[in-house]
Amino acid sequence: MVGGGFIQQILRRKLHSQSLATPVRSWLSSTKANVDAGSSGVRAFALLGAGVTGLLSFSTVASADEAEHGLACPDYPWPHDGILSSYDHASIRRGHQVYQQVCASCHSMSLISYRDLVGVAYTEEEAKAMAAEIEVVDGPNDEGEMFTRPGKLSDRLPQPYANESAARFANGGAYPPDLSLITKARHNGQNYVFALLTGYRDPPAGISIREGLHYNPYFPGGAIAMPKMLNDEAVEYEDGVPATEAQMGKDVVSFLSWAAEPEMEERKLMGFKWIFLLSLALLQAAYYRRLKWSVLKSRKLVLDVVN
Amino acid sequence: MADDEVVDPKKYLEESCNPKCVKPLLEYQACVKRIQGDDSGQKHCTGQYFDYWQCIDKCVSFSWIMAFALHIFFFFLQFDTEMNLDFGIFRLHPSYLQN
């Protein structure tokens, strides 16, 4: 497509440098300008050909984009989708369990603290107990040495790798992204993450993925470094819900949605309340404006010609 | 409630959606046949593959939406259903409706 446009530009420049704007009528009828007419006719045809090749190349580029953009993910009916719908907090709790047991070995969630989970998925005692299981490096003590202590509610969720380079080294050059905001950081994030996690399939005929990568049609390009992590019964849920792949996918996406947008429930309540109140205010304002303007809008002007 | 063998609802829905998406599946299989002899490595069937899976995905998400709508319908009916459906997106279970 770029080549076609470039050729068009060159030809256009050459055409202008020759005879500027030869009228078509004179081009058809003149005999003396036959030589010029012939060459400009060839140029016009070449321009048309360049345009057509440009269009054709554009179409082939478009079809190669299919794998580049990834398969479009469908829209699933999330329970927290509606205008006044809250999160399914039981699902958030299960999703955190899935994250902890399946995902936390590679993915960090460095923006979430244990205290954020209190009142959302766990009680304070449960969250404290969970935090106490991890070891945290804390600031210099009186002797100037760093020391480790059991975690507290105020600590962030633990990171699997010390830094990005270590993460890339351990995962064949690919960096497992931080998941704190992942459903907001990807287009149509919630549906995309669910489709990605549950969408590992055999590649189409003719596509081969190199060693170390796996085929996933939803991932842009199709070759993802993460293997299929969600398998039936990989996790045993505390509340006894059967842990199918789709169930784990749904729960972990609920958890990730909450992690990215913890304010969602309050936001929806506030939004509903204020849109309702402002609509009433709009009606009142409209009435008041029309009331004040009625004086002017109902006046009559008399045009009287004095004889 | 404990199933000895859990059935993944998404796989189940994908399989049940197969009859609806026969046409793109046949197109994909025709493409596979066409490129079978190819050794250049340039030919592939990504387009037909995407068309087929897009059809399946649409059908699956529609089934889930229909099942979710059914759940809302029963919820408003105050109908204590003995159904124990777990489609992964929601759970229709008697205890849930006992609020």
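Q: Over the ring of which residue does the charged end of R201(A) sit?
A: In this predicted model, local features need pLDDT of at least 70, side-chain atom pairs count only at pLDDT 80 or more, and totals for chains, interfaces and linings use all residues. A charge sits over a ring if NZ of Lys or CZ of Arg is within 6 Å of the ring centre and within 35 degrees of the ring normal. For the charged end of R201(A), the distance to the ring centre is 3.6 Å, and the ring belongs to W53(B).

Q: How far from the ring centre of W293(A) is the charged end of R289(A)?
A: Here the arginine and the tryptophan are both in chain A. The charged end of R289(A) sits over the ring of W293(A), and its distance from the centre is 4.8 Å.

Q: Which residues form one aromatic cluster with W53(B)?
A: Rings of Phe, Tyr and Trp (its six-membered ring) pair if their centres lie within 6.5 Å; planes under 30 degrees apart count as stacked, over 60 as edge-to-face and the rest as tilted. The cluster that holds W53(B) also holds Y215(A), Y28(B), Y49(B), F50(B) and Y52(B).

Q: How many aromatic pairs are found over all chains?
A: A pair of aromatic rings is described by the distance of the centres and the angle of the planes. Searching the whole structure gives a count, over all chains, of eleven.

Q: What is the angle between the planes of Y76(A) and F194(A)?
A: The centres of Y76(A) and F194(A) are 4.8 Å apart, and the pair is edge-to-face, with an angle of 70°.

Q: In which helix of chain A does F194(A) lie?
A: Helices (H or I, at least four residues) and strands (E, at least two) are DSSP runs, numbered from the N terminus. Y76(A) is in the loop between α3 (34-69) and α4 (89-103), 118 residues from F194(A), which is in helix α8 (residues 189-198).

Q: Are Y76(A) and F194(A) buried or exposed?
A: Buried means under 20% relative accessible area, exposed over 50%, partly exposed in between (1.4 Å probe, protein chains only). By that rule, both Y76(A) and F194(A) are buried.

Q: What is the relative accessible area of Y49(B)?
A: Y215(A) and Y49(B) form an edge-to-face pair, 5.8 Å centre to centre with 70° between the planes. Y215(A) lies in strand β3 (residues 214-215) of chain A and Y49(B) in helix α3 (residues 46-77) of chain B, so the pair joins two chains. Y215(A) is buried at 8% relative accessibility. Y49(B) is buried too, with a value of 4%.

Q: Which pattern does chain B follow along the sequence?
A: Chain B has three helices and two strands. Residues are numbered from 1 along each chain as its sequence is written, and read in that direction the pattern is α-α-α-β-β.

Technical notes. Chains are lettered from A and ligands numbered from 1 in the order in which they are written. Side-chain values use heavy atoms; hydrogens and water are left out.
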